[in-house]
Amino acid sequence: MGKFKMGCIIDDDPISVFGIQKSMRDIDFCDNVVVYRNGQEALAGLTKMLEAGKKLPSIILLDINMPIMDGWEFLEDFVKIPNSNTEEVTIFIISSSIDPRDFLRAKSFSVVNNYIVKPIFKKDLVKLLSEME
């Protein structure tokens, strides 16, 4: 099973982030992970990476319910970033929402690979890795 060079978690819930990071370490999911607490912080951080000539994380785990800028707003702005590197990024929605409208809305974004209902377990990350190979 392969692993990602860099991953990104965009989520305002520190307990969820802690659990995901622990699971990532346990299964050697990625070499490095960056964490942002909301969409605005993430856009600023990712834009800064691009401006510095760095590659974006190959995988982003994105919560949809966050303060300041939610996941939907992040996605709307992310797809407008003028850089071919964004095409190499795969986004997975991670949310506690089981609202069918959220599932449908997630599918409307071509950069979104799948929707994973929280909590995220090791088996979810292993499945995600195997889907990406």
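Me: Which parts do the buried residues of helix 1 pack against?

Reply: The buried residues of helix 1 pack against strand 1, strand 2, strand 3, strand 4 and helix 5 (122–132). Keep in mind that this is a predicted model.

Me: Which residues of helix 1 are buried?

Reply: Buried means under 20% relative accessible area. In helix 1 that picks out Ser 16, Val 17, Ile 20, Ser 23 and Met 24. Seen down the helix axis, these buried residues fall within an arc of 130°, so they line one face of helix 1.

Me: What does the face turned away from the buried side carry?

Reply: That face of helix 1 carries exposed residues: Pro 14, Ile 15, Phe 18 and Arg 25.

Me: How many residues does helix 1 have, and how far does it reach?

Reply: Helix 1 covers residues 14–26, which is 13 residues. From first C-alpha to last, helix 1 reaches 18 Å, close to the 18 Å expected at 1.5 Å a residue.

Me: What should I look for at the two ends?

Reply: At the start of helix 1, find Asp 13. A side-chain oxygen of Asp 13 comes to within 3.1 Å of the backbone nitrogen of Ile 15. Just after helix 1, look at Asp 28, which takes a positive phi of about 55°.

Me: How do I read charged pairs?

Reply: Side chains of opposite charge can pair when their charged atoms come close. The cut-off for a salt bridge is a nitrogen-to-oxygen distance within 4 Å. This model has 11 salt bridges by that rule.

Me: Which residue forms a salt bridge with Lys 118?

Reply: Asp 11 does, with the closest N and O atoms 2.7 Å apart. Lys 118 lies in the loop between strand 5 and helix 5, and Asp 11 in the loop between strand 1 and helix 1, so the pair ties together parts 107 residues apart in sequence.

Me: Are Lys 118 and Asp 11 buried or exposed?

Reply: Both Lys 118 and Asp 11 are buried.

Me: Which side chain meets Lys 22 in a salt bridge?

Reply: That of Asp 26, at 3.0 Å from N to O. Asp 26 and Lys 22 are four residues apart in helix 1, so about one helical turn separates them. Asp 26 is partly exposed, at 40% relative accessibility. Lys 22 is partly exposed too, at 39%.

Me: Which residue of helix 5 links to Asp 26?

Reply: Lys 122 does, and its salt bridge with Asp 26 has closest N and O atoms 3.1 Å apart. This pair links distant parts of the chain: Lys 122 in helix 5 and Asp 26 in helix 1 are 96 residues apart.

Conventions:
Residues are numbered from 1 along each chain as its sequence is written. This is a predicted model: local features need pLDDT of at least 70, side-chain atom pairs count only at pLDDT 80 or more; totals for chains, interfaces and linings use all residues. Side-chain values use heavy atoms; hydrogens and water are left out. Helices (H or I, at least four residues) and strands (E, at least two) are DSSP runs, numbered from the N terminus. The expected span of a helix is 1.5 Å times one less than its number of residues. Buried means under 20% relative accessible area, exposed over 50%, partly exposed in between (1.4 Å probe, protein chains only). The arc is that of the directions from the helix axis to the C-beta atoms. Contact means heavy atoms within 4.5 Å. A polar contact is a pair of N or O atoms within 3.5 Å; within protein, one must be able to donate a hydrogen and the other to accept it, and residues adjacent in sequence count only if both atoms are side-chain atoms.
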